[in-house]
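Student: I've got a fold to go through with you. Can we start with its pockets?

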Amino acid sequence: MKKRLPFALYLAIAFAISLGVALVAPLPASGEQLSSQRGYFVDLPEGFKLLDGDGKSRFAFSDPLGGMEFDLFVYEPGRFASAGAIGDNIAAKLVSKGQREDFVYEGRKAVFIELGFAMAGVPKKGYAVAISGRPAVGANPAEPSYALVAWTGADAFDGYADFILSSLDCFSVDRVAKRSPGPLSQYIQTFPAKRDATKRVAFGAAGFDLPWNADEAVQISETAGREFRLVEAYTDEPNLWKEAWARCYRLIYRESARRLDQLVASIDPLLPDDPTDAARTLLQWVQGFHYERDQAGIDFIDPLTAATEGRGDCDSRAMLMALVLERRGIDTVLMLSRDYSHAMAAVDVPGGGQRFPFAGKNWL
């Protein structure tokens, strides 16, 4: 687990969307963070490489061992009448049989598809997601549609399951979706979730009632568990482990960000106007949490649970600070150390104190 692996240095990870240090490259590229002029975005597991594609509408990636493939198809507006029609096309091309289920991803109709097919006589297994683009409305043109297809050999599926699910979940249809749970997460749980209950949140001498759905914290935690399991595969990879850790926290961030928007909006008026004082007030708040670790599990308390229950480890608290400060436009990074089994938040605000140079800034 993350607290038991040797760390040579602190690793700084950018969370705030405004920070812009994410090493974004145009498609096609290696499987780190991949964006396109159409606005969609893919953040594949580290080490995935481009195998094939035309550079515009079809991209095929493989994991470093060559045992799994992830395919992204981009369809021009109007080519398919529905997400179901895209699913039919995938099934026909692969001669695949499997169950399907409709859902909604970022306000767009989508289908989750179970894959089972043979290639050169070898059984294959995986999943696919078909997303139908929105039609033209007013000045907004019609959107392209997408298919995400991830598969491996049937006998290797159990070992690759987390990679397959993470690959499907790392797609963002546009910039707004980079702060939203991924397609797989929105298939598992309708997003935005219906919040029928409330939960009291303590903040300093004040507090507030937060609209609440307990399943959201569970979903963040399950996504975090999947991503921490992936990180373990990179423990002995000297050229990939840092990037793998950064991606892990990026995906937890995106799973959490919009789920915490209501919480952040409630906290923001309780903070001082001065950015340094705001950061210090948040630090005082999270330092008052009950220190808690789950070394038998993933050793991470999701930021929604941390905020609402006042408990968590250092990385939970630091991520929560970053999410709240993002609303103020204050750039924040999460610093992690495996040597010290510790995490810290570092912020781009004035004031005296220890500073850390990263990405052209000296972070407090």
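Student: Which residues lie nearest the centre of the largest pocket?

Tutor: This is a predicted model, where local features need pLDDT of at least 70, side-chain atom pairs need 80 or more, and totals for chains, interfaces and linings use all residues. Residues count from 1 along each chain as its sequence is written, and side-chain values use heavy atoms, without hydrogens and water. A pocket is an open set of 1 Å grid points, over the protein atoms alone, where a 1.4 Å probe fits, with protein on both sides within 12 Å along at least five of seven lines; lining residues have an atom within 4 Å of a point. Of the 25 lining residues, those nearest the centre are Leu283, Met344, Ala345, Ala346 and Leu364.

Student: Which elements give two or more residues to that lining?

Tutor: Helices (H or I, at least four residues) and strands (E, at least two) are DSSP runs, numbered from the N terminus. On that basis, they're helix H7 (275-287), helix H9 (314-327) and strand S18 (342-347).

Student: Which residue caps the N-terminal end of H4?

Tutor: Look for a side-chain oxygen 2.9 Å from the backbone nitrogen of Asp215. The residue that supplies this oxygen is Asn213.

Student: Is Phe61 buried or exposed?

Tutor: Phe61 sits in strand S6 (58-62). Buried means under 20% relative accessible area, exposed over 50%, partly exposed in between (1.4 Å probe, protein chains only). Phe61 has 1%, so it's buried.

How values were computed. Polar contact = N/O pair within 3.5 Å; in protein donor to acceptor, adjacent residues only side chain to side chain.
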